[in-house]
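Hi,

Here is the structure I promised to send over.

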Amino acid sequence: ADESFDTVYSFKVLSHINDIQQALNECARVTRPGGRLFLEFYNRNSLRYMIKRITRPQAISETVRESSVYTRWYDMSELKQLLPDNLKHVGTAGVRVVTPVASVHRIPIVRTIMRQAEYLARDSKLAPYGGFLVLILQKSA
């Protein structure tokens, strides 16, 4: 129903939806006035994106490669333009800001260093360069 949730979140989904405007409008519709939204997008201005552009599509299952899945990468200015008028951007968190590839987190000493670096970068001025951008939004009252 309209305005039925105080908090709406979406991770690992919105960058795979072709009609992103409709999805964002739906997120806004079901959020109560004053409610918060936490929406994650793949970031075109990131180390992760650069690595994806220079490497071959990776396997995501035994039979499917990344290239078989619709994926869209955004930048911050583009995301802000897509937001419905009743959603205000109140913050951004970056995920995988300094991690070049996930596999580095499997190396014991490196994992500890990278984890700490990611926590520090998540809410810093580096956040807009995370491989994943989490937009923190608030619906107008």
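Leaving aside residues up to four places away in sequence, Ile 20 touches Leu 14, Phe 41, Tyr 74 and Leu 82. Before I go on, please keep in mind that this is a predicted model. Ile 20 sits in helix α1, and its relative accessibility of 5% is under the 20% cut-off, so Ile 20 counts as buried. Leu 83 is 63 residues away from Ile 20 along the chain, yet the two C-alpha atoms are separated by 9.8 Å.

As background, nonpolar side chains tend to be buried together in soluble globular proteins.

**A buried lysine**

Now have a look at Lys 139, which is found in strand β5. Is Lys 139 buried or exposed? With a relative accessible area of 7%, which is under 20%, Lys 139 is buried. Its side chain reaches the backbone oxygen of Thr 31 at 2.8 Å. Thr 31 is also on the contact list of Lys 139, which (again leaving out residues up to four places away in sequence) includes Glu 3, Ala 28, Arg 29, Arg 32, Pro 33 and Gly 34. Gly 35, Leu 37, Asn 86 and Leu 87 are on that list too.

**Salt bridges**

The count of salt bridges comes to 10. One of them is between the side chains of Glu 78 and Arg 44, at 3.0 Å from N to O. Glu 78 lies in helix α3 and Arg 44 in the loop between β2 and α2 (47–54), so this pair ties together parts that are 34 residues apart in sequence. Glu 78 is buried, at 18% relative accessible area, whereas Arg 44 is partly exposed at 29%.

Glu 78 has a salt bridge with Arg 72 as well, and there the N to O distance is 2.5 Å. Arg 72 counts as partly exposed, with 30% relative accessibility.

There is also a salt bridge between Arg 122 and Asp 123, with the closest N and O atoms 3.0 Å apart. Arg 122 is partly exposed at 33% relative accessible area, while Asp 123 counts as exposed at 52%. Coming back to Glu 78, salt bridges that share partners join Arg 44, Arg 72, Asp 75 and Glu 78 into one network.

**On the surface**

Val 98, Leu 126 and Tyr 129 form a nonpolar patch on the surface, and their accessible area together is about 270 Å². Val 98 is in the loop between β4 (87–95) and α4 (108–122). Its relative accessibility is 30%, so Val 98 counts as partly exposed.

Last item on my list. Most residues other than glycine have a negative phi. Glu 3 is not a glycine, yet its phi is positive, at about 50°. You will find Glu 3 in the segment before β1 (5–10), and it is partly exposed, with a relative accessible area of 39%. Glu 3 has already come up here as one of the residues that Lys 139 touches.

Arg 96 is another residue other than glycine with a positive phi, near 55°. Arg 96 is in the loop between β4 and α4, where Val 98 is also placed.

Cheers

Conventions:
Residues numbered from 1 in each chain as written. Predicted model: local features only at pLDDT ≥ 70, side-chain atom pairs only at ≥ 80, totals over all residues. Heavy atoms only, no water. Helix = DSSP H or I, 4+ residues; strand = E, 2+ residues; numbered from the N terminus. Buried < 20%, exposed > 50% of the residue type's maximum accessible area, 1.4 Å probe, protein only. Polar contact = N/O pair within 3.5 Å; in protein donor to acceptor, adjacent residues only side chain to side chain. Contact = heavy atoms within 4.5 Å. Patch = residues over 30% accessible without salt bridge, like charges linked within 9 Å, V, L, I, M, F, W, Y side chains within 5 Å. Areas by Shrake-Rupley, 256 points an atom, 1.4 Å probe, with all protein chains shown as cover. Salt bridge = Lys/Arg side-chain N within 4 Å of Asp/Glu carboxyl O.
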